[in-house]
Amino acid sequence: APSDVSAQATARPAAERISLARVETRALRATLSASGTVEARRISEIAAEVPGRLESIPVRVGDEVAAGAPLFRIDPGPYEMALAEAKAGLALARAESRNAAAEAERMRLLLEQSAASQQRYEQLRTQAEVAEARVAQMQARAARAERDLARTWVRAPYAGSVVERRAHEGALAGTRPVLVLQESGALEAILDVPEATPVPVRVGAPVRLFVEGLPAPIETRIARVNDRVDPGTRTYAVRCPVEEPSGA
């Protein structure tokens, strides 16, 4: 019996040492590669605000323009005549309104002296109100004509460069664009990130842009993430601002 007990004791394995550690939460970091393009933040096709014939285009392709700078002008002749006609109509309407108001006031005084009928007074007062409304109508017409005349000059909505010209002097300008303007000093990189990535891309994530022709990468961060995945490429677009002071 003693020999059996000692045999069982020698058969038991030795106790193993187990290492313990406190569970912690850490950010999972991964480096992703994506290709894309650097583009202007805004590119606008500039069309005429009022129809007419193109009279002048003082800018050329490649010109830098400031916000509010004139880009092209529509022939102002028809709009100048429309404004003159509207102002003349307004002056006439004001004269008629003053005359109608005076007639209504004269009839009111006669009515107080029982020298006129109530019906006649009501007629003249209505005519005065109609004349006053006509003045307001002509004021609106004159304001619209003045606004249309001012819109014969089309101006840059923001500072940028002219990158394309689609019409020349003498052409009829309508809804078709005359110039294409690209915003200056506001670039962004549009990167196509594969859907199958180890971690999702978040707004604020750091980015290093390697641009062909630049000796050093540009440091930036993700500004916007598109929620839509392109069904053809299985990628989604992310955008980040590009600041390159040299203008290269």
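A residue counts as buried when its relative accessible area is under 20%. In this predicted model, Ser97 has a relative accessibility of 13% and is therefore classed as buried. Ser97 belongs to helix α2, which spans residues 77–112. Apart from neighbours within four places in sequence, Ser97 is in contact with Ala131, Glu132 and Val135.

Strands of a sheet pair through backbone hydrogen bonds, in either a parallel or an antiparallel sense.

Strand β5, residues 70–74, is joined to β6 by three bridges in the antiparallel sense. Phe72 stands opposite Val154 of β6. Strands β3 and β5 also run antiparallel and are connected by two bridges, and Leu54 has Ile74 in β5 as its bridge partner. Beyond this, β3 (residues 52–56) pairs with β8 in the antiparallel sense over two bridges.

Strand β10 covers residues 187–194 and strand β14 covers residues 235–242; the two run antiparallel and are joined by eight bridges. Within this pairing, Val193 has Tyr236 in β14 as its bridge partner.

Arg234 is not a glycine, yet its phi is positive, at about 55°. Arg234 is located in the loop between β13 and β14. With a relative accessible area of 41%, Arg234 is partly exposed, because that class lies between the limits of 20% and 50%.

Thr235 is placed in strand β14. Is Thr235 buried or exposed? Its relative accessibility is 14%, so Thr235 counts as buried. The side chain of Thr235 makes a polar contact with the side chain of Thr233, at 2.7 Å.

Leaving out residues up to four places away in sequence, Thr235 touches Asp192, Val193, Pro194, Glu195, Arg228, Val229 and Asp230. Among these contacts is Val193, the residue whose bridge partner in β14 is Tyr236.

## Aromatic side chains

How many aromatic pairs does the structure hold? The number is zero. An aromatic ring does, however, take part in an arrangement with a charged side chain: Arg42 lies over the face of Tyr158, at 4.2 Å from the ring centre. The cut-off for such an arrangement is 6 Å between CZ of Arg and the ring centre, together with an angle within 35 degrees of the ring normal.

Conventions. Residues numbered from 1 in each chain as written. Predicted model: local features only at pLDDT ≥ 70, side-chain atom pairs only at ≥ 80, totals over all residues. Heavy atoms only, no water. Helix = DSSP H or I, 4+ residues; strand = E, 2+ residues; numbered from the N terminus. Buried < 20%, exposed > 50% of the residue type's maximum accessible area, 1.4 Å probe, protein only. Contact = heavy atoms within 4.5 Å. Pairing = 2+ DSSP bridges. Phe/Tyr/Trp six-rings, centres within 6.5 Å; stacked < 30°, edge-to-face > 60°. Polar contact = N/O pair within 3.5 Å; in protein donor to acceptor, adjacent residues only side chain to side chain.
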